[in-house]
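Here are a few notes to read alongside the model. Please keep the sequence and the 3D view open as you go.

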Amino acid sequence: MLDVTGISHTYGSGAKTHTALGNITFTVEKGEIVCIVGPSGCGKSTLLRAISGLMPPTAGASRFMDTPIKSVPEDLAFVFQEYSKSLFPWLTVRGNVAFPLKARGMSRKRRNRAVEEALASVGLAAAVDKYPWQLSGGMQQRVAIARALVCEPALLLMDEPFASVDAQTRAELEDLLLRVRADYNTTVLLVTHDIDESVYLSDRVLVLSKAPSTIVATIDVTPLGPMRDQITTKETDEFVHLRGEVARLLRYGHVDENDRLGVPARAVAE
Ligand SMILES: Nc1ncnc2c1ncn2[C@@H]1O[C@H](COP(=O)(O)OP(=O)(O)OP(=O)(O)O)[C@@H](O)[C@H]1O
């Protein structure tokens, strides 16, 4: 679905430059959820922009369904952290979700049906005539997700999509994303700061280093199985082990045999 090869990116020119991305190569398969975690400011958002065609990278290339990405492909949708900035306050929920369909010239009848289906899939069928400012933060982010889903994108790129909502809403939105993937077989590449979230949602977690960032490790999360539950999954030994592995990679940049044997992290650092 997505093939990223040797992407690097340097901001600025002359003496004032900052290399955010080192040399990043990975793939995302159809139907996978892949999460990217990394230290603050390491270049996670830069990576999403550089691989999606929003911004040309300094070097490297990405391919989407075997076609080189030069600009944002039609079959790709974004969800950003700040729903308050990404929704149009002067449009109703229906107007916001219908927006990308209108831009594609879809008839009003088909648009209305698609909007109602997308809103039902995020549990917001009753809010269709409300304005964003009449909804809670979590509901607004559901509208943003419905707007991304309404075009049935092959690939959904999400940049910290649940970072601006409270913990309870965040858990609900995570489960919503898992349901969406199960219902639509959507492929998802998601950036998060949250280690638990990355393990809970993913098939694979890509751990980035500090800038210029590279992929320190790829963690296979499939041993957790496809069915996830906010309480019981997080109680399993496998989940605890995986979250520890991601946390150590973020802190030390590696995991050694002592970590796997359960030696406390402080002892490993010493
Ligand atoms: N348009 C820009 N021009 C110059 N520098 C930029 C630009 N955008 C980002 N940067 C710099 O690139 C680095 C990476 O930024 P980016 O937002 O990609 O990191 P991030 O990992 O997503 O950050 P966070 O974890 O805080 O969300 C930062 O040092 C940032 O200041």
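1. Where does Y131 lie? Y131 sits in a loop, between helix 4 (108-121) and helix 5 (137-149). Bear in mind that this is a predicted model.

2. Is Y131 buried, exposed or partly exposed? Y131 has 16 C-beta neighbours inside 10 Å, so the residue counts as partly exposed. Burial would take 20 or more, and exposure 12 or fewer.

3. Next, the surroundings of Y131. Leaving out residues up to four places away in sequence, Y131 touches P89 and T92. N112 is 19 residues from Y131 along the chain, and 17 Å separate their C-alpha atoms.

4. Now the overall layout. The chain splits into domain 1 (2-75 + 154-269) and domain 2 (83-152). Their centres, taken over C-alpha atoms, are 27 Å apart.

5. How do the domains meet? In domain 1, 11 residues are in contact with 10 residues of domain 2. Helix 6 (residues 167-184) gives the most to the domain 1 side, with seven residues. By class, that side has seven nonpolar, two polar and two charged residues.

6. Last, the ligand. Which residues surround the ligand? They are Y11, H18, A20, G38, S40, G41, C42, G43, K44, S45 and T46. Strand 2 (16-28) and helix 1 (44-52) are the elements that give two or more residues to this shell. Helix 1 gives the most, with three residues.

7. What is the make-up of the shell around the ligand by class? Seven of its residues are polar, three are nonpolar and one is charged.

Definitions and conventions. Residues numbered from 1 in each chain as written. Predicted model: local features only at pLDDT ≥ 70, side-chain atom pairs only at ≥ 80, totals over all residues. Helix = DSSP H or I, 4+ residues; strand = E, 2+ residues; numbered from the N terminus. Contact = placed C-beta atoms within 7 Å. Domains from an automatic or database assignment. Nonpolar A, V, L, I, M, F, W, Y, C, P; charged D, E, K, R; others polar. Near = placed C-beta within 6 Å.
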